[in-house]
Amino acid sequence: MSSLAQEESRSISENCTWGQRKRFADGKVTVPFKRFLGYDRGEDGNLVINEEQAETVRRIYGLFLQGRSPHAIAKLLTARHSGKNRAGSMGVFSGRIKCADCGGWYGSKVWHSNSKYRKTIWQCNHKFDGGEKCGTPHLDEETIKQLFLKAANAIFAEKDGVREDYDSIKDTLFGTAELETERLRLQEEMNVVEELIEQCVAENARVALDQTEYQKKYDGLAGRFNRAKGRLSEVSQAITERQAKREKIGRFVSALEKRDGPLTEFNEDDWYSLVEYATVYSREDIRFTFKNGMEIKA
Ligand SMILES: [Zn+2]
C-alpha cells in the first residue's frame, strides 16, 4: 500500500471504531427481551435485571462452570422446579471415569436390578463393542465415592501449595492482554479492508477500469479480509478458552480454601467442583485428576 493509502485507511479505521464506540457509549442496545433470561426492558428502554430470573441465570452459569452438560443442567433445573431436589446420581460419573487401557470412558450398568442386591457398577464401555476387552476392573459407585473422598482430602491437605501455584502461573497461563490487543488490531484491520473493498467496488462502477486489474485488486482485498477474519476467530477462541480455564481453576482454588475439615460424605457439588476425571489403571491404582491438573492416586 502507498503511504497515502495507508494514511487514508488509518483515518477510515479511526472513524469506524469511533462510530462503534459512540453507539455503545450512547447505550444503544438491541435485545430480544422476551427471550432474554435475566433482564427486562426498563422504562428508558435499557436493561433492568429481573432478580427472579437472574437467580436462575446465576445457577445455570455456576453449574456450567462446574463442567455439567446442558442436558444435565436442564434436568437439575426441571427437578428443582417440580419440587424434587435431586436429579439422581446416575449422571455424576458419566464421562468422568477413564479406562487407562483404551482411553475410553466408563459407562454404568445396573446389577441384580430386581433384588435387594441391586447396585450400579461402572466399567469400560469398550467391553461391549466386541473388540479385545480391556483389563481394567469394574467399580461400584460406593467404591468410587470412597476413593474420591480419600483423594479430595489429600488435596485439601495441600491447599496452601495449590493456591501458591495458581497465583504464580495464572498470569502466564491465563493472561489475555496480548490476545486482546491483537483482537482489537484485527477488528480495525477488517474495518479498514471492508472500507477499501467498498471504495474499490464503487470506483469500478464509476470509472471504466481494466477488469483484470480490478479483479486482482478486489481478490487481494478479499483475501486480506478473510485472513484477518480467520485469525480473529482463532484469537477470540483462545481468549474464551483462557478465561474459562482461569475461571474454572479459580473456582477450584476457592472451593479448596472454603473448606476447613476433611470431607466425610460424598456430595455431587464437591465432585463437580473438584474433579476433572478419574483414571482407572487397576483395582489398586485409581488416579483422580483435579481441576487444576493435579493428579492424585487414591
Ligand atoms: Zn477400556
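This is a predicted model: local features need pLDDT of at least 70, side-chain atom pairs count only at pLDDT 80 or more; totals for chains, interfaces and linings use all residues.
How are H6 and H7 oriented to each other, roughly parallel or roughly antiparallel? Two packed helices are described by the angle between their axes and the distance between the axes. Here, helix H6 covers residues 177-206 and helix H7 covers residues 211-258. They pack at an angle of about 160°, and their axes lie 9 Å apart. Angles over 145 degrees count as roughly antiparallel, and H6 and H7 are therefore roughly antiparallel to each other.

The crossing of these two helices, H6 and H7, is left-handed.

Now let us turn to the strands. An open sheet is built from four of them, in the order S3-S7-S8-S9, with mixed pairing. Strand S3 (97-99) and strand S9 (295-297) stand at the edges with a single partner strand each, so one side of each has no neighbour in the sheet. On average, neighbouring strands of this sheet are turned by 25° against each other, direction ignored.

Within the sheet, look at S7 (residues 275-282) and S8 (residues 285-290), which run antiparallel and are joined by six bridges. To find your way along this pairing, pick out Ala-278, whose bridge partner in S8 is Phe-288.

Helix H4, made of residues 141-156, lies across S7, S8 and S9. Relative to S8, helix H4 runs at about 55°.

Technical notes
Residues are numbered from 1 along each chain as its sequence is written. Axes are lines fitted to C-alpha atoms, for helices over the stretch in contact, and angles run from 0 to 180 degrees between N-to-C directions. Helices (H or I, at least four residues) and strands (E, at least two) are DSSP runs, numbered from the N terminus. Angles under 35 degrees count as roughly parallel, over 145 as roughly antiparallel, 65 to 115 as roughly perpendicular and the rest as oblique. A crossing is left-handed if the near helix is turned anticlockwise from the far one by less than a right angle, and right-handed if clockwise. Two strands pair if DSSP finds at least two bridges between them. Two residues are in contact if their C-beta atoms, placed from the backbone, lie within 7 Å.
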